[in-house]
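Student: I would like to learn how to read strands, salt bridges and ring pairs in a model. Could you walk me through them, please?

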Amino acid sequence: MLATPIETTSGSRNGPRPINLSKDTRQVFELLNVSFGPMQRLPRTGFMSNRYSLSYSPNLSARLGQLAHGFVPGFVWEEDGSIIGNATLLQSDIPNRYLVANVAVHPDYRRRGIAKGLMEEIINYVATIKGRRIMLQVDSSNESAVTLYNSLSFDDLGIMNRWDALPGRLRPLSSERFAGVAVRSLQRREWKEAYELDIRSIDPDLTWPAPPAPDQYKFDIWRRLGDFFNGRNIEGWVCQRRTPSSGKNFLAGMAVVTNDWGRPSWLRLRVHPEFQGQLEGALMAKSLDRLRRQRRATIRISHPAADQITNALLEEANFRLERSLTVMSLDLTANRQ
């Protein structure tokens with residue numbers, strides 16, 4: 001569902017204004033190419049591609065159908081008829097939660113307050129429609145951008161590292177090192193436990209573009225049929241531990257590999273906070289053993305930069321650190337109280 005941003009009050013030809021999809025698409029497309037480099041296709045698993053959020057297509061309007069529903073066009077900055085800045089907004093699946101997909105300024109016009117002006121337009125717009133939260137990702141090395149967002153009251157939630165590897169170049173982790181840790185396949189009936197482990201292991205807000213859904217790991221007959229026809233395969237492994245009080249077993253660690261036809265494989269590693277440092281190696285060794293036998297071009301994992309244990313295992317397995325992204329959030333309800 002398309003939402004039309006509020007009109008700006010400046011009335012000037014130069015400055016920020018709502019994007020006009022009927023006439024701005026070509027210039028915005030060219031601006032994104034100049035600002036970020038040639039576009040990459042958007043992976044199905046998230047909005048952030050190699051350089052920024054929007055996937056390749058001859059014009060911006062054709063790309064809207066590939067994004068999440070609820071696209072809010074956002075704003076552009078115009079100077080004498082030329083678009084030299086753009087900020088795109090996405091409405092997430094969570095009510096009243098919005099994502100800034102990209103902020104682009106032409107290299108010749110940077111350091112003039114344009115990015116800040118575009119962000120202020122977005123913040124005012126979301127506040128006007130009673131939105132509660134705005135979130136974004138920014139390269140952690142882009143200190144000027146992080147400083148800008150902090151100046152607009154965005155809080156740092158954490159840094160997520162994205163690692164890539166090629167199956168043929170993966171180095172196996174010796175299973176003998178983890179012989180005392182039992183690993184078995186994730187069962188379909190354990191989908192609720194898997195979800196609880198996921199949100200307990202990593203702050204859900206760090207999982208871009210949205211926290212895992214409660215049925216993330218529910219693989220009923222309809223889900224499996226849909227995955228089959230879409231060329232998707234999901235496989236998981238878990239480690240169990242016993243609760244001292246009740247004596248019952250629960251999921252303490254999990255590794256899940258998602259394969260989509262024609263797309264990179266994604267690895268997800270989750271370990272309960274009480275058992276971090278004990279289960280990662282065994283789970284990683286099991287999943288890498290499977291991944292090394294596939295022929296897909298790339299294997300990817302997005303994981304918190306603060307988890308030094310997992311990061312060390314990824315380096316040992318010959319993963320390459322591609323990007324470090326700081327996740328930031330602005331709580332608009334704080335100013336309404």
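Tutor: Let's begin with strand pairing: two strands pair if DSSP finds at least two bridges between them. Helices (H or I, at least four residues) and strands (E, at least two) are DSSP runs, numbered from the N terminus. This is a predicted model, where local features need pLDDT of at least 70 and side-chain atom pairs count only at pLDDT 80 or more, while totals for chains, interfaces and linings use all residues. Residues are numbered from 1 along each chain as its sequence is written, and side-chain values use heavy atoms, with hydrogens and water left out.

Student: How many bridges join β9 to β10, and do they run parallel or antiparallel?

Tutor: Strand β9 (residues 249–260) and β10 are antiparallel, joined by six bridges. As an example, alanine 255 has leucine 269 in β10 as its bridge partner. Four residues lie between the strands of this hairpin, and glycine 262 takes a positive phi near 80° there.

Student: Which strand is joined to β10 in parallel?

Tutor: That is β11 (residues 299–304), which is linked to β10 by two bridges. Here tryptophan 266 stands opposite arginine 300 of β11.

Student: How many residues of β10 are buried?

Tutor: Buried means under 20% relative accessible area, exposed over 50%, and partly exposed in between (1.4 Å probe, protein chains only). Strand β10 (residues 265–271) has six of its seven residues buried, so by this definition the strand is mostly covered.

Student: Now the charges, please. What is the general idea?

Tutor: Side chains of opposite charge can pair when their charged atoms come close. The rule for a salt bridge is a side-chain nitrogen of Lys or Arg within 4 Å of a carboxyl oxygen of Asp or Glu. The count by this rule is 15 salt bridges.

Student: Which residue forms a salt bridge with aspartate 164?

Tutor: Arginine 300 does, with the closest N and O atoms 3.3 Å apart. Aspartate 164 belongs to strand β6 (residues 155–165) and arginine 300 to β11, so the pair ties together parts 136 residues apart in sequence. Aspartate 164 and arginine 300 are both buried.

Student: Which residues are linked in a network of salt bridges?

Tutor: Arg17, Asp24 and Glu78 are linked in this way. Between aspartate 24 and arginine 17, the closest N and O atoms are 2.8 Å apart. Aspartate 24 is buried at 2% relative accessibility, and arginine 17 is buried at 17%.

Student: Is glutamate 322, the salt-bridge partner of arginine 320, buried or partly exposed?

Tutor: Glutamate 322 is partly exposed, at 32% relative accessible area. Arginine 320 is partly exposed too, at 47%. Their closest N and O atoms are 2.3 Å apart.

Student: And how do I read aromatic pairs?

Tutor: A pair of aromatic rings is described by the distance of the centres and the angle of the planes. Rings of Phe, Tyr and Trp (its six-membered ring) pair if their centres lie within 6.5 Å; planes under 30 degrees apart count as stacked, over 60 as edge-to-face and the rest as tilted. Searching the whole structure gives three aromatic pairs. For phenylalanine 75 and tyrosine 125, the centres are 6.4 Å apart and the planes are at 70°, so this pair is edge-to-face. Phenylalanine 75 lies in strand β2 (residues 71–79) and tyrosine 125 in helix α3 (residues 114–128), so the pair ties together parts 50 residues apart in sequence. Both phenylalanine 75 and tyrosine 125 are buried.
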